[in-house]
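Here are some working notes for a colleague to read alongside the model. Please keep the coordinates open and follow the points in order.

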Amino acid sequence: MEFAENPDHLAIRETVAKIAAPYGGAYYTEHAERHTPTDELWQSLGRGGFIGINMPEQFGGGGAGITELALVCEETAAQGAPLLLLLVSSAISGEVLARYGSPEQQREWLPGMAAGERKVVFAITEPDAGSNTHQLSASARRDGDGWVLRGTKYYISGVDEADALVVVARTGTDPAGGKGLLSLFLVPTDSPGLTANELPVSALLPEKQYTLFFDDVRLDAGQLIGVANEGFQQVFHGLNPERITGAAICVGVGRRALALAARYACDREVWGRPIGTHQGVSHALAKARIEVDLAALMTAKAAWLHDHGLPAGEASNEAKYAAAEAAHAAVDAAIQTHGGNGMSREFGLLPLWGIARLLRIAPVSREMVLNYVAQHSLGLPRSY
């Protein structure tokens, strides 16, 4: 792993920043307050080839990896416009379909996803299962050559923007361990029997959240992704990229918040000198900068491991934890530096706080990451 970024990666950063900068913080704040999609920025990135940068070239993608998609996530966030659905459509769904999708599924969906013209979001969480994937109750039963899907999904992002869902459903029970066997299905959002109810979320985010009800949704055999009952392994091919790109967004959010705070601390004068001259201000921002930089290193390591086909679970979880904590601390320090102006719409910090706070909970909570590290990295007894 090289610590110096290669010219291609520097070019990605520069180009994405140029695309995102004209939109920036004011654009994001407006859409976050109104809970409306950031379609214009998404489409601009799609035309530039960046929404599908990690998707196969034969389907219009860039043929690159999660390392490059993470750069896109970070740089858009650093320009003030973090895009949550890059985690879901490009990272999870894109990776799963590129790896496990049938040739027909790939031809139908990947070109539009790569171009930024179609979105496929991910539906795994349920009201009663929490973080316990083995306890999912949404089920798909065989019916002739097809399937019938029934159940509920909860806190599913961007359904109003999506053309389809990758749905995780129980399709059997492991006779050895008694745990549910899972399968993945590609379900258009206009499928008969599918109802989406918006969840009232107060956080300032452009993306809406939904509860989904599947009332005997009929699926044909071609909507099964990969092999039936092997969904648990398939899911984790998408979850590590989700954690890595989530970490990258957090790194970008931290960079954005600290850039705003540093400029304000240099310009704002009290008692005849800039407030940044006081260590009570400068040390908090310096500490946050160190934490963001450390998180960026772990994020790059996790992406490198994934792209090289090496075990990336530990690094992906640690990157997500470190970056979410660093982003939250950076935004908090930036708000404190601005004083009362930290609450002002003009300075655009509260929407950054919203996504930083969300990413401490999702796509995996900080507590579950600590459980993972305690058990798998330290060898401690399982606590849950």
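1. Start with H3. Leu41, Trp42, Ser44, Leu45 and Gly46 are buried in this helix. The model is a predicted one. The cover over the buried residues of H3 includes H1, H2 (24-34), H4 (66-78), H5 (85-100) and H6 (103-114). After H3 comes glycine 49, with a positive phi near 90°.

2. Next, the packing of H1 on H3. H1 spans residues 7-20 and H3 spans residues 39-47. Their axes lie 10 Å apart, at an angle of about 145°. On the H1 side, the contact uses Val16, Ile19 and Ala20. On the H3 side, Leu41, Ser44 and Leu45 make it. The crossing of H1 and H3 is right-handed. Note that Leu41, Ser44 and Leu45 are also among the buried residues of H3.

3. Two charged side chains sit over tryptophan rings. Lysine 119 places its charged end over the ring of tryptophan 42, 4.5 Å from the centre. Tryptophan 42 is one of the buried residues of H3. Arginine 118 lies over the face of tryptophan 109, and the distance to the ring centre is 3.9 Å.

4. Now strand E1, residues 120-123. Which way do its side chains point? Val120 and Phe122 point one way, Val121 and Ala123 the other. In a regular strand, side chains alternate between the two faces of the sheet. Both sets in E1 are buried.

5. E1 has a partner in E4, residues 164-173. The pairing is parallel and runs over 4 bridges. Within it, alanine 123 stands opposite valine 167 of E4.

6. Isoleucine 225 deserves a look. It lies in strand E8, residues 224-225. Is isoleucine 225 buried or exposed? Its relative accessibility is 0%, so it counts as buried. Setting aside neighbours within four places in sequence, isoleucine 225 contacts Val96, Leu97, Tyr100, Gly101, Gln105, Val166, Leu184, Phe185, Leu186 and Gln234. As a distance check, isoleucine 225 and glutamate 346 are 121 residues apart in sequence. Their C-alpha atoms are 46 Å apart.

7. Aromatic pairs: the count comes to 5. Phenylalanine 232 and phenylalanine 236 form a tilted pair, 5.0 Å centre to centre with 55° between the planes. An α-helix has 3.6 residues a turn, so residues three or four places apart point the same way. Phenylalanine 232 is partly exposed, at 27% relative accessibility. Phenylalanine 236 is partly exposed too, at 35%.

8. Stay in H7 for alanine 247. How accessible is it: buried or exposed? At 0% relative accessibility, alanine 247 counts as buried. Not counting residues up to four places away in sequence, alanine 247 touches Thr299, Ala319, Lys320 and Ala323. For another distance check, take alanine 247 and proline 37. They are 210 residues apart along the chain, and 21 Å separates their C-alpha atoms.

9. Check the backbone next. Most residues other than glycine have a negative phi, and most peptide bonds are trans. Tyrosine 155 has a positive phi, near 55°, and is not glycine. It sits in strand E3, residues 146-157. At 43% relative accessibility, tyrosine 155 counts as partly exposed.

10. Tryptophan 271 also has a positive phi, about 55°, although it is not a glycine. Its place is the loop between E9 (269-270) and E10 (273-274). Is tryptophan 271 exposed or buried? Tryptophan 271 is exposed, with a relative accessible area of 80%, and the cut-off for exposed is over 50%.

11. Last, a cis peptide bond. Where is it? The bond joins alanine 362 and proline 363, with omega about 0°. Proline 363 lies in the loop between H10 (350-361) and H11 (366-377).

Key:
Residues numbered from 1 in each chain as written. Predicted model: local features only at pLDDT ≥ 70, side-chain atom pairs only at ≥ 80, totals over all residues. Heavy atoms only, no water. Phe/Tyr/Trp six-rings, centres within 6.5 Å; stacked < 30°, edge-to-face > 60°. Buried < 20%, exposed > 50% of the residue type's maximum accessible area, 1.4 Å probe, protein only. Lys NZ or Arg CZ within 6 Å of the ring centre and 35° of its normal. Helix = DSSP H or I, 4+ residues; strand = E, 2+ residues; numbered from the N terminus. Pairing = 2+ DSSP bridges. Axes fitted to C-alpha atoms, helices over the stretch in contact; angles between N-to-C directions. Left-handed = near helix turned anticlockwise from the far one by under 90°. Contact = heavy atoms within 4.5 Å.
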